[in-house]
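I opened the model and kept notes as I went. Each entry says what I looked up and what I found.

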Amino acid sequence: MHIVVPIKQVPETSNVQMDKESGTMIRSGSDAIVNPLDLYALETALQIKERHGGKITVITMGPAKAIKVLKEAIAMGCDEALHLSDRAFGGADTWATSYTISKAIEKLDKVDLIIAGERATDGDTGQVGPGLASWLGMSLVTYTSHIEEITDSYLVAERLLEEGYVKVKANLPTVLTVVKEIAIPRLPTLKGKKRAMKMEIPLWGAKELACDPNNLGLQGSPTRVVRIESPKLTRTCTVVRATDEASTHEAVDQLLQFLADKNLLPRRKDQ
Amino acid sequence: MKDVWTLSEQHAGKLKEVSYELLARGRALADTLASNLCAIVLGNNMCEQELQTLIHHGADIVYYVQAPCLEEMVCETHANVLEALIKRYAPHIVLSAATTMGRSVLPYVAVKVHTGLTADCTDLAIEEETENLLQTRPAIGGNILATIKTPHHRPQMATVRPKSFRKLQIDTARTGTIVNVEWDPAWYDGRVQVLGIREESDVDGALEEADIVISGGRGLKKRDNFHLIETLAHSMGAQVGASRDAVDRGWKSYPHQVGLSGKTISPKLYMGIGISGAVQHLAGIKTSECIVAINSDEHANLIQVADFAVVGDLFAIVPELLRRLAEMDGE
């Protein structure tokens with residue numbers, strides 16, 4: 001079984017502090033890490049490989065420093081990696097990004113399964129996984145929370161939707177996007193790190209892909225960002241303190257009044 | 001023709017609330033463009049009265065596609081139908097809710113019809129000179145607001161964050177047309193089959209669709225204390241949420257997790273109890289209409305973004321709040 005896991009490098013945000021004046025994020029050096037939600041996709045692929053055998057190819061599109069996230073995926077146990085990088089890819093929206101990655105996947109050995117994170121924590125669109133399925137003409141199973149069974153020809157999985165868990169059977173090849181619940185990501189091993197350190201990762205640009213240059217990068221992107229704002233914190237917070245019985249009573253009074261003024265208290269039976 | 005379309009959602013033949021919220025969004029855009037607002041419904045055996053409610057909430061035309069296989073959402077088949085309808089009727093704008101359905105089907109369709117798609121918008125407007133759709137969305141954990149447009153491709157497509165807009169007052173006098181679109185068997189794609197649904201025993205409604213969400217975090221100290229949150233939620237008619245910490249500790253199941261690796265929500269009221277408010281958590285709740293924090297630490301991040309905060313011991317505050325709510329019930 002050949003599994004492809006597309007991953008993204010995102011700025012490290014776990015130790016981010018908020019700037020209280022502007023309400024924006026203070027990024028600590030903005031170190032590039034594997035998109036946290038992609039770790040669940042990597043772990044899912046690794047578990048399938050352990051049960052079923054096969055090969056995992058991890059792929060990313062991004063600047064030179066993005067190679068670091070590929071190395072991390074190799075260190076976790078992925079077999080091969082592919083780095084897509086080219087000036088021509090720059091400024092791509094999700095349409096052009098999924099096009100570019102799909103063109104690379106078309107050049108790989110026959111793919112049985114693509115597993116992607118639900119979305120990236122920076123752009124937060126969740127559109128590249130479904131876009132890949134569409135470009136490649138593959139079926140799509142989003143919000144996958146559990147894989148019950150997998151064979152050479154199909155899988156049975158659960159999807160976490162608004163109304164509960166929906167069980168589906170999907171013929172392979174298919175594209176899965178996965179949620180956190182599916183697996184607990186492993187840490188890279190020492191052996192894996194050594195392998196990753198030595199590994200030469202192929203770099204493909206536009207000329208390595210059989211692609212239409214008009215579909216690449218900013219030029220190929222149907223959407224345009226016209227404005228970026230940092231939303232100022234417009235909320236003014238009323239803070240009340242509850243330190244003893246009397247002040248707790250008073251604080252709850254004020255909270256209930258606040259909720260009542262905003263019409264947020266549930267309608268009581270007699271009203 | 002500059003028709004504005006909204007993709008309705010149904011479950012077991014009943015339209016979901018997001019369908020009406022989308023119509024309120026779409027109505028404002030269609031009025032600006034002086035065009036029709038069309039609701040797209042894919043389903044099976046839905047009754048006419050149910051479809052009429054879309055007209056009563058702002059739609060001019062309802063395109064209804066019926067087939068047994070449309071009862072359940074399967075991305076490929078739904079995408080085939082939408083792609084065919086878009087090619088047939090050439091709408092100007094296509095909106096769906098940023099639900100699991102919208103966020104699966106719309107990216108699939110946007111590739112097929114070669115157009116742009118903006119995810120999880122919280123604001124939509126029409127640019128006067130060009131009649132382009134201005135699509136505003138939070139990104140980077142809600143730390144920036146980006147406004148995006150699709151200048152040269154049609155339709156302009158966007159998914160819209162549920163609860164970021166209120167539905168219109170129902171007007172049963174409104175009239176419109178219901179178009180029954182003939183089913184084309186070529187639209188059926190059988191590669192993915194729905195086998196069944198396992199409803200979460202402790203989820204009695206979707207977090208994303210709730211008006212009030214009350215969440216608990218590490219401040220609750222142990223699993224047994226989470227019942228405080230559940231009791232309060234029950235008495236406030238709210239859904240129960242949880243911080244990542246609380247979920248990772250097994251106090252509440254994953255479908256309740258709010259934040260970057262869980263759900264992004266926009267309720268009328270969000271109450272975070274014993275939640276310090278890591279940036280990842282804030283990203284999931286920032287667009288709530290009103291935020292209330294109960295926390296012992298007055299410097300907690302959640303208090304920085306809250307409208308009202310009670311600083312103190314939650315084990316004193318919550319029981320007092322419950323007692324008062326019970327009193328109000330008794331009155």
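**Terms first.** I take helices (H or I, at least four residues) and strands (E, at least two) as DSSP runs, numbered from the N terminus. This is a predicted model, where local features need pLDDT of at least 70, side-chain atom pairs count only at pLDDT 80 or more, and totals for chains, interfaces and linings use all residues. Residues are numbered from 1 along each chain as its sequence is written, while chains are lettered from A and ligands numbered from 1 in the order in which they are written.

Entry 1: I started with a general point: most residues other than glycine have a negative phi, and most peptide bonds are trans. Then I looked for exceptions.

Asn45(B) sits in the loop between S4 and H2 of chain B. Its phi is near 50 degrees, a positive value in a residue other than glycine. Is Asn45(B) buried or exposed? I call a residue buried if 20 or more other C-beta atoms lie within 10 Å of its own, exposed if 12 or fewer, and partly exposed in between, with C-beta atoms placed from the backbone. Asn45(B) has 9 other C-beta atoms within 10 Å, so it is exposed.

Lys163(B) also has a positive phi, near 70 degrees. I found Lys163(B) in the loop between S11 and S12 of chain B. Lys163(B) is buried, because 23 other C-beta atoms lie within 10 Å.

Next I checked for cis peptide bonds. The bond from Leu172(A) to Pro173(A) is cis, with omega near 0 degrees. Pro173(A) belongs to the loop between S11 and strand S12 (174-178) of chain A. The bond from Arg154(B) to Pro155(B) is cis too, with omega near -5 degrees. Pro155(B) is in the loop between strand S10 (144-149) and strand S11 (156-160) of chain B.

**Entry 2: chain A overall.** I counted 6 helices and 15 strands in chain A. Its C-alpha trace spans about 70 × 40 × 40 Å along its principal axes. Of its 271 residues, 48% are buried.

**Entry 3: a sheet across two chains.** I say two strands pair if DSSP finds at least two bridges between them. One open sheet has 10 strands, in the order S13(A)-S7(A)-S6(A)-S1(A)-S8(A)-S12(A)-S9(A)-S10(A)-S11(A)-S13(B), and its pairing is mixed. Which strands stand at its edges? They are strand S13 (203-204) of chain A and S13 of chain B, and each pairs on one side only.

I looked at two pairs in this sheet. Strand S1 (residues 2-7) and strand S6 (residues 55-61) of chain A are parallel, with 6 bridges. Ile7(A) stands opposite Thr60(A) there. S11(A) and strand S13 (residues 192-198) of chain B run antiparallel, joined by 6 bridges. Lys169(A) faces Gln193(B) across that pair.

**Entry 4: where the chains touch.** I count two residues as in contact if their C-beta atoms, placed from the backbone, lie within 7 Å. By that rule, 74 residues of chain A touch 76 residues of chain B. Strand S11 (residues 164-171) of chain A gives the most to chain A's side, with 8 residues.

**Entry 5: the sheet of chain B.** Chain B has an open sheet of 7 strands, ordered S7-S11-S6-S1-S4-S5-S12, with parallel pairing. Strand S7 (117-121) and strand S12 (177-181) are its edges; each has a single partner strand, so one side of each is left without a neighbour in the sheet. I then took strand S1 (residues 4-7) and strand S6 (residues 93-97) of chain B, which pair over 3 bridges. Thr6(B) stands opposite Leu95(B) in S6(B).

**Entry 6: cores.** I define a nonpolar core as a set of buried Ala, Val, Leu, Ile, Met, Phe, Trp, Tyr and Cys residues joined through C-beta atoms within 7 Å. The largest has 121 residues, and Val5(A), Leu42(A), Ala73(A) and Ile115(A) touch the most other members. Helix H1 (residues 36-52) of chain A supplies the largest share, 8 residues. A second, separate core has 56 residues, including Leu228(B) and Val258(B).
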